[in-house]
Amino acid sequence: MLLQCPKIKDDKLYYGGSQDWFHDKWAQMAGCASVCATNVYVYYLNQQKVYTKEQYLHFQEKLYALLTPGKRGYPYVYHYARKVGNLLQRDYQIIRNTDIKKGYHFIKEAIDHGNPVSMLVLTHHSIRMRDDKWHWMTIFGYDQDSIYYSSYGKMKKIKTRVLLKKHRINVVKLVRFVNKNQEASLFVK
């Protein structure tokens, strides 16, 4: 199942935003939390299907002010969840360093209920994640074997067993936002 990832049209078509679009150098290096939050915010806003890069950057900059990174970026999953949850007026659920079965169920349940998942990968043993470490990304879909996510304006795919593998180096945190009255089996706050 694949949710509608926000699309941005410029010289090419992008899937979700990119921190490379910021004008500020520090935002380009450390603004991934605000891009992930923008992807989620715009998904729920859903005013239009395709945005210009300038329109999308406007949202990114507003959310950058909400989630301004420090010297280490924005590796604060609870702060992220609380701030974005308040903005969306939704409850949040967090799962950290889960096993494949529980993590897949968490993602599947969210996507099946029409909720994208914010993902923070701090460290990961897989070479397939080399460009997406210490980085926030937005999960928009899954299939039987893979997870689909937006990072740097691209739709990427990774095997579930690779992403969610229990390993001493892997630090993967997932956040989903649900309606305040929506029950979920893995509620952690």
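The legends below describe close-up views of one predicted protein model. Residues are numbered from 1 along each chain as its sequence is written, and side-chain values use heavy atoms, with hydrogens and water left out. In this predicted model, local features need pLDDT of at least 70 and side-chain atom pairs count only at pLDDT 80 or more, while totals for chains, interfaces and linings use all residues.

**View 1. The protein chain as a whole.** The chain has 6 helices and 9 strands, taken as DSSP runs numbered from the N terminus (helices H or I, at least four residues; strands E, at least two). Its C-alpha trace spans about 40 × 40 × 30 Å along the principal axes. Of the 189 residues, 53% are buried, meaning under 20% relative accessible area with a 1.4 Å probe and protein chains only.

**View 2. The largest cavity.** The structure holds 1 cavity of 30 Å³ or more. A cavity is a set of points on a 1 Å grid over the protein atoms alone where a 1.4 Å probe fits but cannot get out, and lining residues have an atom within 4 Å of a point. The largest cavity contains about 60 Å³ of space; grid points are joined across faces, edges and corners, and the volume is the space filled by probe spheres set on the points. Its lining comprises 14 residues, with G17, V35, H135, W136 and Y152 closest to the centre. At least two lining residues come from each of α2 (32–45), β6 (135–142) and β7 (146–151). The lining has 6 nonpolar, 8 polar and no charged residues, where Ala, Val, Leu, Ile, Met, Phe, Trp, Tyr, Cys and Pro count as nonpolar, Asp, Glu, Lys and Arg as charged, and the others, Gly among them, as polar.

**View 3. Surroundings of H135.** H135 lies in strand β6 and counts as buried because its relative accessibility is 3%. Beyond its neighbours within four places in sequence, H135 contacts Q19, C32, M119, L120, V121, S151 and Y152; contact means heavy atoms within 4.5 Å.

**View 4. Surroundings of V121.** V121 is part of strand β5 (residues 117–123) and, at 0% relative accessibility, counts as buried. Apart from residues up to four places away in sequence, V121 touches residues including M129, W134, H135, L163 and V172. A separation of 15 Å lies between the C-alpha atoms of V121 and A37, which are 84 residues apart along the chain.

Conventions. On a 1 Å grid over the protein atoms alone, a cavity is a set of points where a 1.4 Å probe fits but cannot get out, and a pocket is an open set with protein on both sides within 12 Å along at least five of seven lines; lining residues have an atom within 4 Å of a point. Buried means under 20% relative accessible area, exposed over 50%, partly exposed in between (1.4 Å probe, protein chains only).
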